[in-house]
Amino acid sequence: MIRISTSEQLIIFSRYIGQQVVIKSFLNDEESIGTLKGIRQDALLVAIDEVNRWIPLNDNFRVCDVKLLLKPLKKLTSAIIDTANGLPVQAFITPYYQQLGFDMPVFVAPGHSCNCKYVQELGLADYRSADEIAGYAQQVFAGGQY
């Protein structure tokens, strides 16, 4: 996995406000699903069970791992592509796909090593759905692994 700074992660997360995220606690190994609501200099605002919580991000210390729940581009349908191609400006296509929850290549800064990599390649996205994550948690719990 490519190491990117907290500020660079926030740049990427800021493009996906409104998308679901999975938060894995390093303290108890539990996963929670929420919706990304906003960002600030050192944290993500996530709504979990309709409660807004600030999830701190720090380059030196992590209490949890946050990943966007995105869809790979191979799941684009012809209807979505036709709509995107009908947008008035070609530069609107990438934000449109991001708004729909598709993983898109990122641009962080000129010459940055993460440019043109997908969010999932950077370790900031998960291609599972919220239902798949919840189903896995139930299987683990039912299997007595807790």
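**View 1. K71 over the ring of F102.** In this predicted model, K71 lies over the face of F102, at 4.8 Å from the ring centre. A charge is taken to sit over a ring if NZ of Lys or CZ of Arg is within 6 Å of the ring centre and within 35 degrees of the ring normal. F102 counts as buried, at 2% relative accessibility; buried means under 20% relative accessible area, exposed over 50%, and partly exposed in between, with a 1.4 Å probe and protein chains only. The model is predicted, and local features need pLDDT of at least 70, side-chain atom pairs count only at pLDDT 80 or more, and totals for chains, interfaces and linings use all residues. Residues are numbered from 1 along each chain as its sequence is written, and side-chain values use heavy atoms, with hydrogens and water left out.

**View 2. The aromatic cluster of Y96, Y97 and F102.** Ring pairs link Y96, Y97 and F102 into a cluster. The structure holds 2 aromatic pairs. The rings of Y96 and Y97 have centres 6.0 Å apart and planes at 45°, so this pair is tilted. For Y97 and F102, the ring centres are 6.3 Å apart and the planes stand at 70°, so the pair is edge-to-face. Rings of Phe, Tyr and Trp (its six-membered ring) pair if their centres lie within 6.5 Å; planes under 30 degrees apart count as stacked, over 60 as edge-to-face and the rest as tilted. Y96 is buried, with a relative accessible area of 18%, and Y97 is buried at 9% relative accessibility.

**View 3. R40 over the ring of W54.** R40 lies over the face of W54. The distance from R40 to the ring centre of W54 is 4.4 Å.

View 4. D29 is found in the loop between β1 (20–25) and β2 (31–40). Its phi is near 65°, a positive value in a residue other than glycine. D49 is found in the loop between β3 (43–48) and β4 (51–56). Phi of D49 is near 50°, again positive in a residue other than glycine. D49 is exposed, with a relative accessible area of 70%. Strands (E, at least two residues) and helices (H or I, at least four) are DSSP runs, numbered from the N terminus.

View 5. The structure holds 0 disulfides, a disulfide being a pair of cysteine sulfur atoms within 2.5 Å. The closest cysteine sulfur to that of C64 is in C114, 20 Å away and too far for a bond. C114 is in no disulfide either, and its nearest cysteine sulfur, that of C116, is 11 Å away. C64 counts as buried at 7% relative accessibility, and C114 counts as buried at 0%.

View 6. S25 lies in strand β1. At 17% relative accessibility, S25 counts as buried. Leaving aside residues up to four places away in sequence, S25 touches E30, V63 and C64, where contact means heavy atoms within 4.5 Å.

**View 7. Q41 and T6.** Q41 is found in the loop between β2 and β3. Q41 is exposed, with a relative accessible area of 74%. In sequence, Q41 and T6 are 35 residues apart; in space, they are 8.9 Å apart, C-alpha to C-alpha.
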